[in-house]
Amino acid sequence: MSDTRWSPQVTTPRSPDGESGPADTGARWPLPEETFWSEATDPHGVPPGERTEPQPAVRAERPVITAPAAQPEAQPQPRPQQQAEQPPKRKRDPFLDNVKFILIALVPLGHSLVPTLSADSSRSLYIFIYTFHMPLFVLISGYLSRNFWNSNAKTNKLVDTFLVPYVIVEVGYAALRFALGQKWSLTIIDPAWLNWYLLALLFWRLSTPVWKRMKYPVPVSIAIYLFAGFSQISGDFSMDRFFGLLPFFVIGLVMQPEHFELLNRRWIKIVSVFTVLGAAAVAIYIAPRSPLGPFYYKNSYQDLDLSWYMGLGLRVGLLVCALAMCFAVLALVPRKETWYTDLGTRTLYCYLLHGIPVLIAKDQGWLDFPWLYGPLGVLAITFSSFALAIVLCLPETRTVFKWVLEPRLTWLYRRPSRR
């Protein structure tokens, strides 16, 4: 009996085509499912675990006494790149930034017109603006909230961008009013003046998962909007505005990019021009006799001295008019980059800070000059408000106030698990 330690090494011949595989053993492809190939070693380029068609066995040129084949040395597998090339950073949509700047410029304009509302020209412009500018702002906010819960960073913004600035702004405006000679008044649960939007948007975004699970979120939100008019909802936590503008947020939430593309058609743009002109004509016509309460989207039918059926009809009509104006403005806003596109990326600062100069102007009587009560005054207030919006949306303004309005509270949150 020969010493096996000195026996010549027995090898398994390779197939003629040079590929590795079961040679002259009667085995056929595929191998048993327990055997997995990597994409680097699979001779047919099949992903791991995927079956292939049977392949013919490879015959050796001459019979060889089979013996346990020596295991070849493990070949080093090509490792994937340690760090894959990062995809290019998604570019902001200039269209939405254009819309946001135009809308935010209308906010200080509307607030600046208040002292001159006894003039028909100011009242007409005020009604025209308030018909659509906050509904469209809420609609855009809903559209941008579609994937809000898919990111920890965005979830943290519920505190960073809403709660903390809300408290700071509430205290700041209370101190400003007190410095201007008014009585000290600070109620955190009842937002003062322009601060209502932060709380309302906070609760809208908290409700986002509920709306995304519904089959028919838009009809449900409209039904809630209509029935909310039967109740005298207080302004605590902005609940009155939360229900009054709810359909616009939900409509924005279900909209997709292709819906905005539908508005880019020429015939829709032409219709939009006539829609805006018609809305302006109606605002001029109803201004002398129309109350302003319905355009705030918060008053109950009882507060408006309306019967229930008149109240329902008013809310339905206002919803239709507001949506028509929203889509008309979206169709007419430029879709390419403009000189104000970059300004639209910093609208938060204009919204929260514009109240300071407006409050000072009202207190000092700068908006009470007789010549402001007319078309010329409306033009002067309009140009001044747009100039103020431009200044407050500049990057320098953000640099100065970022630590207050957009604090980085990383120490407040737990680090996400590596899993």
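Predicted model: local features only at pLDDT ≥ 70, side-chain atom pairs only at ≥ 80, totals over all residues.

Let me start with helix α11 (residues 308–332), which gives the largest share of the lining of the largest cavity, 3 residues; helices here are DSSP runs of H or I with at least four residues, numbered from the N terminus. Residues are numbered from 1 along each chain as its sequence is written, and side-chain values use heavy atoms, with hydrogens and water left out.

The structure holds 1 cavity of 30 Å³ or more, a cavity being a set of points on a 1 Å grid over the protein atoms alone where a 1.4 Å probe fits but cannot get out, with lining residues having an atom within 4 Å of a point. The volume of the largest cavity is about 70 Å³, counted as the space filled by probe spheres set on the points. Among the residues that line the largest cavity are Tyr 225, Lys 298, Asn 299 and Arg 315.

From there I turn to the salt bridges, of which a search of the whole structure finds 5; the term requires a side-chain nitrogen of Lys or Arg within 4 Å of a carboxyl oxygen of Asp or Glu. In helix α1 (residues 94–112), Lys 100 and Asp 97 lie 3 residues apart, about one turn of the helix, and their side chains meet in a salt bridge at 4.0 Å, N to O. Are these two residues buried or exposed? Lys 100 counts as buried because its relative accessibility is 13%, and Asp 97 is buried too, with a relative accessible area of 4%, where buried means under 20%, exposed over 50%, and partly exposed in between, with a 1.4 Å probe and protein chains only. Together with Arg 92, Asp 97 and Lys 100 are linked in a network of salt bridges.

Another salt bridge joins the side chains of Glu 261 and Arg 335, at 3.9 Å, N to O. That pair links distant parts of the chain, 74 residues apart, with Glu 261 in helix α9 (residues 257–262) and Arg 335 in the loop between α11 and α12 (347–353).

Finally, Asp 342 forms a salt bridge with Arg 346, their closest N and O atoms being 2.4 Å apart; Asp 342 is partly exposed, with a relative accessible area of 44%, whereas Arg 346 is buried, at 9%.

Definitions and conventions. 1 Å grid on protein atoms, 1.4 Å probe; cavity = no way out; pocket = protein on both sides within 12 Å on 5 of 7 lines; lining within 4 Å. Helix = DSSP H or I, 4+ residues; strand = E, 2+ residues; numbered from the N terminus.
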